[in-house]
Amino acid sequence: MRRPRQIDPALLAHIVAMNAAGSSYRKIAAALTDEGVPTPTGRAKWNPSSIGGLLTSAALDPVPSPTAAEVA
């Protein structure tokens, strides 16, 4: 069984946005490594396969239903 994903939602949103803007997994991994952003496991170097895994799991995450306050 895989470990649950432990990633800052803001970082995940940044990765999703970079991918939506056309950046490849390799470019995203290089950019995060160059920016000094640690991986969810604390490593210094991002791998393109890690980016792909995060984007795949993000796409499979259920979208939260809006609360009553958000609808009103």
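User: In which helix of the protein is confidence lowest?
Analyst: The protein has a mean pLDDT of 83, and 75% of its residues reach 70 or more. Confidence is highest in helix H2 (residues 25-34), at 98. Where pLDDT is low, the predicted coordinates should not be read in detail. That caution applies to the helix with the lowest mean confidence, 51, covering residues 68-71: helix H4.

User: How many helices are there in the protein?
Analyst: Along the sequence, the elements follow the pattern α-α-α-α. The protein has zero strands, and its number of helices is four.

User: Within what arc do the buried residues of H1 fall, seen down its axis?
Analyst: The buried residues of H1 are Leu 11, Leu 12, Ile 15 and Met 18. They line one face of the helix, because seen down the axis they fall within an arc of 125°.

User: Which residues are exposed on the other side of H1?
Analyst: An α-helix has 3.6 residues a turn, so residues three or four places apart point the same way. To count as exposed, a residue needs over 50% relative accessible area. On the other side of H1, the exposed residues are Pro 9, Ala 10 and Ala 20.

User: Within what arc do the buried residues of H2 fall?
Analyst: In H2, the buried residues are Ile 28, Ala 29 and Leu 32. They line one face of this helix, because the arc within which they fall, seen down the axis, is 100°.

User: Which exposed residues does H2 carry on the face turned away from its buried side?
Analyst: The buried side of H2 is made of Ile 28, Ala 29 and Leu 32. On the face turned away from them, H2 carries the exposed residues Arg 26, Lys 27 and Asp 34.

User: Which glycine takes a positive phi just after H2?
Analyst: Just after H1, Gly 22 has a positive phi of about 105°. Just after H2, a positive phi of about 80° is taken by Gly 36.

User: Is Ile 7 buried or exposed?
Analyst: Ile 7 lies in the segment before H1. Leaving out residues up to four places away in sequence, Ile 7 touches Leu 12, Ile 15, Pro 40, Trp 46 and Leu 54. Its relative accessible area is 15%, and the cut-off is under 20%. Ile 7 is therefore buried.

User: How far apart in space are the C-alpha atoms of Ile 7 and Thr 41?
Analyst: These two residues are 34 residues apart in sequence. In the protein, residues 24 or more positions apart account for 43% of the contacts with a separation of 6 or more. From C-alpha to C-alpha, Ile 7 and Thr 41 are separated in space by 9.0 Å.

User: What is the relative accessible area of Thr 39?
Analyst: Thr 39 is placed in the loop between H2 and H3. Apart from its neighbours within four places in sequence, Thr 39 contacts Lys 45 and Trp 46. Thr 39 counts as buried, because its relative accessible area is 12%.

User: With which residues is Ala 29 in contact, leaving aside its neighbours within four places in sequence?
Analyst: Ala 29 is one of the buried residues of H2 and belongs to the largest nonpolar core. Leaving aside neighbours within four places, the residues in contact with Ala 29 are Trp 46, Asn 47, Pro 48 and Ile 51.

User: What distance separates the C-alpha atoms of Asp 8 and Pro 40?
Analyst: Asp 8 is in the segment before H1. At 47% relative accessibility, Asp 8 counts as partly exposed. Asp 8 and Pro 40 are 32 residues apart along the chain, and their C-alpha atoms are separated by 8.3 Å.

Conventions. Residues are numbered from 1 along each chain as its sequence is written. This is a predicted model: local features need pLDDT of at least 70, side-chain atom pairs count only at pLDDT 80 or more; totals for chains, interfaces and linings use all residues. Side-chain values use heavy atoms; hydrogens and water are left out. pLDDT is the predictor's confidence in each residue, from 0 to 100. Helices (H or I, at least four residues) and strands (E, at least two) are DSSP runs, numbered from the N terminus. Contact means heavy atoms within 4.5 Å. A nonpolar core is a set of buried Ala, Val, Leu, Ile, Met, Phe, Trp, Tyr and Cys residues joined through side-chain atoms within 4.5 Å. Buried means under 20% relative accessible area, exposed over 50%, partly exposed in between (1.4 Å probe, protein chains only). The arc is that of the directions from the helix axis to the C-beta atoms.
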